[in-house]
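Work through the exercises below with the sequence and the model open. Try each task before reading its solution.

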Amino acid sequence: MQQIGNLDLRTFEEEEKQTNFYCNTFSHHLRTHHAAISIPHRHSFFLTVLFTQGSGIHEIDFERYEIRAGSLFMLNPGQTHHWELSEDIEGVIFFHSQIFFDVQFSQQSVYNFPFFYSVHNPSALFLEADSYHKVKEQFLQLLHEYQKPDIQSAQKLASLLNCLYIDLSRLYLQGEKQLLLRVEQNSSYLRQLETLIEKNYKSEKSAAAYADQLNISMRHLNRLTQKTLNKSTTQLITERVILEARRLLVYHSSSLAEIAYQLGYEDYAYFSRLFKKWTGQTPSEFSKIYQNA
């Protein structure tokens, strides 16, 4: 059974470029790091990739997306993904740490961009011809600056990155301009909530407990999550549990009862009913489908 690799930015950075930033053509990245990235894995950093040629499938936390020219993906730290790629695949890929961006822009955070502010937001953007060429050029500017650094290259890279993320945010939110305002107003609470859920979802399933930790009422917290994500706090907690259950079922050899226990459920029958309610399959059915895929 495959295990999930956990990749650190230092795995990819060149020795003379320890900048918390990495950029490469996708084909060269694939040739150089094939062993690490050809199996399901996750990262400790932010990943963005634009495909310019080829085809395939990109699976991110069990959501499958088409790869074609103009497919763009933006992953948060911790998300699990893998690719199925054609031989002629090409594009530009870059990684960076949170501190790389945030230290350059003290009044904002990388988490303020809509594709990063919540792991519940889609990780994919499919560019049409008019926007594709502009975005491609921005990726190539990043690549050029990274490959041929000059005076204040870190600042230049951060500035290029900021402009790219702003333009991608506009494309990401096309037709939903009010969503950007809601994100800016509520992203602090939402980021805190998701951080708390990430730390505690195995042991704490109560929405009220998370509201207490945030020092707000459960009613107010639910209004925030409904307004920004159209989901209740309980849904966010349960979705995180189900995601981890899927990961354990596919990538670990523990028994079903052991997986339920790891996730905080002593009663496997209850856990199985919960899993089926959210996925439409029992844990054993889900596991068999992936093992036979």
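**Exercise 1. Find the strand partners of E8, and how many bridges join each pair.**

Solution. Start with strand E3 (residues 41-43) and strand E8 (residues 80-85): they pair antiparallel over two bridges. Strands here are DSSP runs of E with at least two residues, helices are runs of H or I with at least four, and both are numbered from the N terminus. Two strands count as paired if DSSP finds at least two bridges between them. In this pair, Arg-42 stands opposite Thr-80 of E8. Next take strand E5 (residues 56-60), which also pairs with E8 in the antiparallel sense, over five bridges. There, His-58 faces Trp-83 of E8.

The model is predicted: local features need pLDDT of at least 70, side-chain atom pairs count only at pLDDT 80 or more, and totals for chains, interfaces and linings use all residues. Residues are numbered from 1 along each chain as its sequence is written, and side-chain values use heavy atoms, with hydrogens and water left out.

**Exercise 2. Which residues of H11 are buried, and which exposed residues lie on the face turned away from them?**

Solution. Helix H11 (residues 268-279) has twelve residues and reaches 16 Å from first C-alpha to last, close to the 16 Å expected. That expectation is 1.5 Å times one less than the number of residues. Its buried residues are Phe-271, Ser-272, Leu-274, Phe-275 and Thr-279. They cover an arc of only 165° around the axis, so they sit on the same side of H11. The arc is taken over directions from the helix axis to the C-beta atoms. The face turned away carries exposed Arg-273 and Lys-277. Buried means under 20% relative accessible area, exposed over 50%, and partly exposed in between (1.4 Å probe, protein chains only).

Now check the ends. At the start, a side-chain oxygen of Asp-267 comes within 3.0 Å of the backbone nitrogen of Ala-269. After H11 comes Gly-280, with a positive phi near 85°.

**Exercise 3. Where do Phe-62 and Asn-215 lie, and is each buried or exposed?**

Solution. Most residues other than glycine have a negative phi. Phe-62 has a positive phi, near 75°. Phe-62 sits in the loop between E5 and strand E6 (63-67). At 13% relative accessibility, Phe-62 is buried.

Asn-215 has a positive phi of about 60°. Its loop joins helix H7 (207-213) and helix H8 (218-229). With a relative accessible area of 69%, Asn-215 is exposed.

Key: A polar contact is a pair of N or O atoms within 3.5 Å; within protein, one must be able to donate a hydrogen and the other to accept it, and residues adjacent in sequence count only if both atoms are side-chain atoms.
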